Amino acid sequence: MHLARGYADRTPTNAHERMAHVTRTTALQTESLPITASPEERSYLRSSTLEKVLEHRLVGELASVMWLRGDHDLEVLRGEVDAHGYDVVLEANGVLRHIQLKAMMADGKRSSVSVNVRLARKPSGCVVWMRYNPADLALGPFYWFGAEPGAPLPPLGSRVAKHTKSNSQGQKTEREGHRVVRASVFQRLETAADLAEALFGPPGFSRRTELLRRHVSSRAAARRA
């Protein structure tokens, strides 16, 4: 998951400033955070931990929704390495979803995210970009980039993403395996229930039944022709 931070996210502009930034950030990250640290400061200085917390909260909310609507066989899988374009794999109703997760504070202003091109190779890859409240970690709304259950990821476009951190020359180099996807192409979903339906279809949906229905319809249309 990538945490789209809106706090202290300015890139240092010269060598001295970069060194001071690295030194200060490293010191803060290796010490216990003070009780007075704001939710925004905790989000920034413990971003890796927060990413996992938000991931578990999302999976928990989706599992609760699926259970309450009668779908009791949600499987949760995770890869050993973070190199294939997804953070978590969920399977339900015969639908296998490789999901790349993004997160941003509720008042964040980011207008795009970087998506790994390998996600498009998966049978039903998608991106879930969730907003969260840093005060209580409540999730929502959710922004969805994907297709109907069983369909591949929509086209990512051709704009190559850049690394968020500068190299030793102060330049942000390109990430050939990532594309920039604008927020405007994401579909806003208000609740975890809405997200569950986008991922796995409405209550009672079965991928196998849907494929059979399409097959029968296709054969009937061919006979009529």
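Two strands count as paired here if DSSP finds at least two bridges between them, and helices (H or I, at least four residues) and strands (E, at least two) are DSSP runs numbered from the N terminus. This is a predicted model, with local features needing pLDDT of at least 70, side-chain atom pairs counting only at pLDDT 80 or more, and totals for chains, interfaces and linings using all residues. Residues are numbered from 1 along each chain as its sequence is written, and side-chain values use heavy atoms, leaving out hydrogens and water.

**View 1. Strands β8 and β9 side by side.** β8 runs antiparallel to β9 (residues 174-182), and 3 bridges join them. Look for Val160: its bridge partner in β9 is Arg179.

**View 2. The open sheet β5-β9-β8.** In that order, 3 strands make up an open sheet with antiparallel pairing. β5 (112-116) and β8 (160-162) are the edge strands, each pairing on one side only.

**View 3. Gln100 in strand β4.** Gln100 belongs to β4 and counts as buried because its relative accessibility is 8%. Beyond neighbours within four places in sequence, its contacts (heavy atoms within 4.5 Å) include Tyr86, Asn116 and Val127. His84 lies 16 residues from Gln100 in sequence and 9.6 Å away in space, C-alpha to C-alpha.

Methods. Buried means under 20% relative accessible area, exposed over 50%, partly exposed in between (1.4 Å probe, protein chains only).
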